[in-house]
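Me: I would like to learn how to read the features of a model like this one. Please take them one at a time, with the general idea before the case.

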Amino acid sequence: VIVGSYDWIAKRMNLAEFVDIADPMFTEAAAELQAVGSAEETFLSQLRQRVNATEFTGTVPEIGPFLDQARIAIVPERNGGGFKLKFLDYIFARVPTATLAQAAAGIPAELQREMLLSDDLPTLVRDIVANMDRLDALNGMQERAFACGQALFRWSERGQRLKQAI
C-alpha cells in the first residue's frame, strides 16, 4: 500500500514513476498494489488505463482498513523533501515499511534499520517482491519499528521539546 495525497505535482510524479516501474513487476509476482489517497480523477483515470496490479482508491474516509490489510507500506518518494509523517502512520499502524533511502532522511538511524531501504525505484520494487512472503521477517520488522517508534516519538518528550522551542 501507498498512502498519500496526490494533489501536489511532486506527489503525482512520485506515484506515477513508481507505478510505471512497480506494476509490471508486481503483475509478474502476482502481487497487488493499492494507492490510497486523494487525487484529481483525470490523473487517476490516466493511471488506471496503464496498470494491471494496481488499484487507485481516490479519497477514502479512513486509511486504517487499508493499512490493516497491507503486507508492506511503501514510501517511494524521490521528489519533495522534509520529514514524511506517513512513516509514523505506517509504523504506528504496525505495517512493515519499504522506502527509498533518500525519502527516509530525518528518520532516526535506529528506526531506518527496521525498514527495507533501497537506493532506487527498481531495487525498491525488487526488495518488496523478494520480501513480501517472508511473513516472519516482516512481522519482526514491524514489531521492532513499533517499539523503536514508541521510544523515539513519546509525546511527553516531544511536547517538552516543542514547548522549549516555542
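**Reading the sheet, core and spaces**

Reply: The model has an open sheet of 3 strands in the order 1-2-3, with parallel pairing. Strand 1 (2–3) and strand 3 (54–58) stand at the edges with a single partner strand each, so one side of each has no neighbour in the sheet. This is a predicted model, in which local features need pLDDT of at least 70 and side-chain atom pairs count only at pLDDT 80 or more, while totals for chains, interfaces and linings use all residues. Residues are numbered from 1 along each chain as its sequence is written, and side-chain values use heavy atoms, with hydrogens and water left out.

Me: How many bridges join strand 2 and strand 3?

Reply: Strands of a sheet pair through backbone hydrogen bonds, either parallel or antiparallel. Strands here are DSSP runs of E, at least two residues, and helices are runs of H or I, at least four, numbered from the N terminus; two strands pair if DSSP finds at least two bridges between them. Strand 2 and strand 3 pair in the parallel sense over 4 bridges, and Leu33 stands opposite Thr54 in strand 3. Strand 1 pairs with strand 2 (residues 33–36) over 2 bridges, also in the parallel sense; Val3 has Val36 in strand 2 as its bridge partner.

Me: Is strand 3 mostly covered or uncovered?

Reply: Buried means under 20% relative accessible area, exposed over 50%, and partly exposed in between (1.4 Å probe, protein chains only). Strand 3 is mostly covered, with 4 of its 5 residues buried.

Me: Which residues of the largest nonpolar core touch the most other members?

Reply: In soluble globular proteins, nonpolar side chains tend to be buried together. A nonpolar core is a set of buried Ala, Val, Leu, Ile, Met, Phe, Trp, Tyr and Cys residues joined through side-chain atoms within 4.5 Å. The largest core has 51 residues, of which Leu15, Phe18, Phe26 and Leu111 touch the most other members. Helix 1 (residues 9–28) gives the largest share of this core, 6 residues. Leaving aside residues up to four places away in sequence, Phe18 touches Ile2, Phe26, Leu33, Ile74, Pro76, Leu121, Leu124, Val125 and Ile128; contact means heavy atoms within 4.5 Å.

Me: What is the volume of the largest cavity?

Reply: On a 1 Å grid over the protein atoms alone, a cavity is a set of points where a 1.4 Å probe fits but cannot get out, whereas a pocket is an open set with protein on both sides within 12 Å along at least five of seven lines; lining residues have an atom within 4 Å of a point. Points are joined across faces, edges and corners, and a volume is the space filled by probe spheres set on them. The count comes to 1 cavity of 30 Å³ or more, and the largest cavity has a volume of about 40 Å³. Its lining is Ile2, Tyr6, Lys11, Asn14, Leu15, Pro76, Glu77 and Lys86. The largest pocket holds about 370 Å³, and of its 16 lining residues, Val1, Glu32, Ala70, Arg71 and Ile72 are the closest to its centre.

Me: Where is alanine 30 found?

Reply: Most residues other than glycine have a negative phi. Ala30 has a positive phi of about 55° although it is not a glycine. Ala30 is found in the loop between helix 1 and strand 2 and is exposed, with a relative accessible area of 70%.
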